[in-house]
Amino acid sequence: MIRLYLLLVFCFSFLALNAQDIEDLDSLLIDRDIENYSIRVFSNFKVNKFSIKDDDSKVKFVPNNRYGLGVGFANSKVIVDIAFNIKNSNKEETKKFDLQGTTILKDQYYVNVYAQTYRGFNVKNDFDEPTTFRSDIRSVSIGLNYLYTFDDIEFSYALLKAGLFEKRNKDIYITGGIGAFGGFDYFSANSSVLDESTSPYFNDRGNIKRYQGLAFGVLGGLISYFKLPEDITATVNVMPGIGLVSKKITTQDESYMPSSPMLYKLDFLIGLSYNFKQFYVSLTYSNGSYNTDFDYGNNYGLNLTKAKLAVGYKFKQKG
């Protein structure tokens, strides 16, 4: 019944669009210039890892099979890449679903979304206890980042990754913006994420069985573009943010909500692109860091890291 209702709402909404609405939507999402299209092969590195630490000790939860190979296509509006995870037969497998996407809408609206579920983590520490693999530890991270910039940013990000030249004459361009973010974060284990070897280094409230947090906040950003010699372009983007998060922690003995609602985040991206006739090479590295207080001297950190090396072939060389 609910699906039927949603279908009817969608149909009526579509019928309510006038010709101008459809034309605007078409120009927003569809690139009709064949010279902007390319096919590409790439290798990537993705990792969703988290940590628990106090003043003296730190435990990190790091997944395996973090590398992938894939194919895709790109234009000035969108980049679609499909990757296949590389698994090491000598290591325990991390089962995961990792979807990330970034687009630029109307040149000034930066939108990034991600949805990640991981099961199976290496438990590493900084106090010389052996690293163990825990197949029962699971994490879920879902989020959205939105930035409205004060000037055109399509040339500095989407075009760089798609192997396209920007249309401005400036060799250096820097612009800023403001926006918002939201996200849901979760991890759990059968008993505690800390095992017998790591648990003694933390207090009882560090023996966390399950955590869930829902966050909303504001962010700012600086996006920079550099046109270098030999058809090389580069970008450096930095987006710090601060927000409020509703947290619930379940230990082996109780559940509680930490008193501090603050969440601090920092996203950055570094990119390079080299164009050679109909071929191009692009390299990007990005990291998102989220930190909050769990009370009782314990702190939590989440890191979302992604790197990609792509080689593309353009359908048609620009004259």
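Asp98 and Lys46 are both buried, where buried means under 20% relative accessible area, exposed means over 50%, and partly exposed lies in between (1.4 Å probe, protein chains only). The two residues form a salt bridge, with their closest N and O atoms 3.8 Å apart. Asp98 sits in strand β5 (residues 95-105) and Lys46 in strand β1, so the pair ties together parts that are 52 residues apart in sequence. A salt bridge here is a side-chain nitrogen of Lys or Arg within 4 Å of a carboxyl oxygen of Asp or Glu. Strands (E, at least two residues) and helices (H or I, at least four) are DSSP runs, numbered from the N terminus.

A word on the ground rules: this is a predicted model, in which local features need pLDDT of at least 70 and side-chain atom pairs count only at pLDDT 80 or more, while totals for chains, interfaces and linings use all residues. Residues are numbered from 1 along each chain as its sequence is written, and side-chain values use heavy atoms, leaving out hydrogens and water.

**Salt bridges**

Side chains of opposite charge can pair when their charged atoms come close. Searching the whole structure turns up seven salt bridges, including these:

| Asp98 | Lys46 | 3.8 Å |

Arg40 counts as buried at 3% relative accessibility, whereas Asp81 is partly exposed, with a relative accessible area of 22%.

**The nonpolar core**

Let us turn to the nonpolar side chains. The largest nonpolar core has 34 residues, and those with the most contacts inside it are Phe61, Phe187 and Val193. Several strands each supply at least two residues of this core, among them β1 (38-53), β2 (58-62), β6 (109-125), β9 (208-228) and β14 (299-314). Such a core is a set of buried Ala, Val, Leu, Ile, Met, Phe, Trp, Tyr and Cys residues joined through side-chain atoms within 4.5 Å.

Leaving aside neighbours within four places in sequence, Phe187 is in contact with residues including Phe50, Ile52, Val193, Ile208, Arg210, Phe294 and Tyr300. Contact means heavy atoms within 4.5 Å.

Arg210 is found in strand β9 and is partly exposed, with a relative accessible area of 32%. With neighbours within four places in sequence set aside, Arg210 is in contact with Tyr186, Phe187, Ser188, Lys248, Ile249 and Thr250. Arg210 and Gln252 are 42 residues apart in sequence and 9.1 Å apart in space, C-alpha to C-alpha.

Asn125 belongs to strand β6 and counts as buried at 18% relative accessibility. Its side chain reaches the backbone nitrogen of Phe127 at 3.1 Å, and the side chain of Asn125 also reaches the backbone nitrogen of Asp128 at 3.1 Å. Leaving aside neighbours within four places in sequence, Asn125 is in contact with Lys58, Val59, Pro130 and Thr198.

Key
A polar contact is a pair of N or O atoms within 3.5 Å; within protein, one must be able to donate a hydrogen and the other to accept it, and residues adjacent in sequence count only if both atoms are side-chain atoms.
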